[in-house]
Amino acid sequence: MQECSYFFEDERGLFPEIQFVYDLKLPETFQPINSDGEVAEFYCWPIDKVKDEIATDDFKPNCGLVVLDFLIRNGFVSPDNEPHYVDFVCGLHSTLY
């Protein structure tokens with residue numbers, strides 16, 4: 001389990017948030033189903049496309065943090081290929097309070 005911390009801002013103000021992240025291994029044949037209406041679509045993208053897309057407005061910021069955490073923990077984002085690596089790691093796992 002990992003924790004990703006961030007601040008969420010809306011019209012009511014600024015709020016500290018923590019997401020608890022768990023890895024779940026699934027078979028390659030697994031097909032996710034949207035059963036609660038929270039997800040518009042599911043995609044199966046190559047890692048390079050995921051890395052490009054998490055920095056766009058198409059990703060909710062809190063979802064992007066979870067994906068970034070996964071990419072770092074699995075070596076897809078590293079000090080060798082990302083100049084902001086240390087900033088990312090420190091930002092993901094900083095204490096909010």
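Which residues in H2 meet which residues in H3? Select Leu65, Leu68, Asp69 and Ile72 in H2, then Tyr85, Phe88, Val89 and Leu92 in H3: those two sets are in contact, where contact means heavy atoms within 4.5 Å. Sort the residues of this contact by type and you get seven nonpolar, no polar and one charged. For that sorting, Ala, Val, Leu, Ile, Met, Phe, Trp, Tyr, Cys and Pro count as nonpolar, Asp, Glu, Lys and Arg as charged, and the others, Gly among them, as polar.

A word on the ground rules before the next stop. This is a predicted model, in which local features need pLDDT of at least 70 and side-chain atom pairs count only at pLDDT 80 or more, while totals for chains, interfaces and linings use all residues. Residues are numbered from 1 along each chain as its sequence is written, and side-chain values use heavy atoms, with hydrogens and water left out.

**Stop 1: the helix pair**

Keep H2 (residues 61-73) and H3 (residues 85-92) on screen; their axes come within 11 Å and cross at roughly 120°. The axes are lines fitted to C-alpha atoms, for helices over the stretch in contact, and angles run from 0 to 180 degrees between N-to-C directions. H2 and H3 are therefore oblique to each other, because angles under 35 degrees count as roughly parallel, over 145 as roughly antiparallel, 65 to 115 as roughly perpendicular and the rest as oblique.

**Stop 2: the core**

Now select Cys4, Val21, Val50, Ile54, Leu68, Leu71, Ile72, Val77, Tyr85 and Leu92, the 10 residues of the largest nonpolar core. Such a core is a set of buried Ala, Val, Leu, Ile, Met, Phe, Trp, Tyr and Cys residues joined through side-chain atoms within 4.5 Å. H2 gives the most to this core, with three residues. In soluble globular proteins, nonpolar side chains tend to be buried together.

**Stop 3: Val50 and Trp45**

Click on Val50, and set aside residues up to four places away in sequence: Val50 touches Trp45, Val67 and Leu71. Hop over to Trp45, in the loop between S2 and helix H1 (47-53). Buried or exposed, or partly exposed? At 26% relative accessibility, Trp45 counts as partly exposed; buried means under 20% relative accessible area, exposed over 50%, and partly exposed in between (1.4 Å probe, protein chains only). Leaving aside neighbours within four places in sequence, Trp45 is in contact with Val50, Glu53 and Phe59. Draw a distance from the C-alpha of Trp45 to that of Asn62, 17 residues along the chain, and it comes to 19 Å.

**Stop 4**

Next, pick Gln19 in strand S2 (residues 13-21). Gln19 is buried, with a relative accessible area of 17%. Beyond residues up to four places away in sequence, Gln19 touches Gln2, Glu3, Cys4, Tyr6, Asn62 and Val66. For another glutamine, go to Gln31 in the loop between S2 and H1; at 60% relative accessibility, Gln31 counts as exposed.

**Last stop: zoom out**

Show the whole chain and you have three helices and two strands, in the order β-β-α-α-α along the sequence. Helices (H or I, at least four residues) and strands (E, at least two) are DSSP runs, numbered from the N terminus. The C-alpha trace spans about 40 × 40 × 25 Å along its principal axes. Colour by accessibility, and buried residues make up 21% of the 97 residues.
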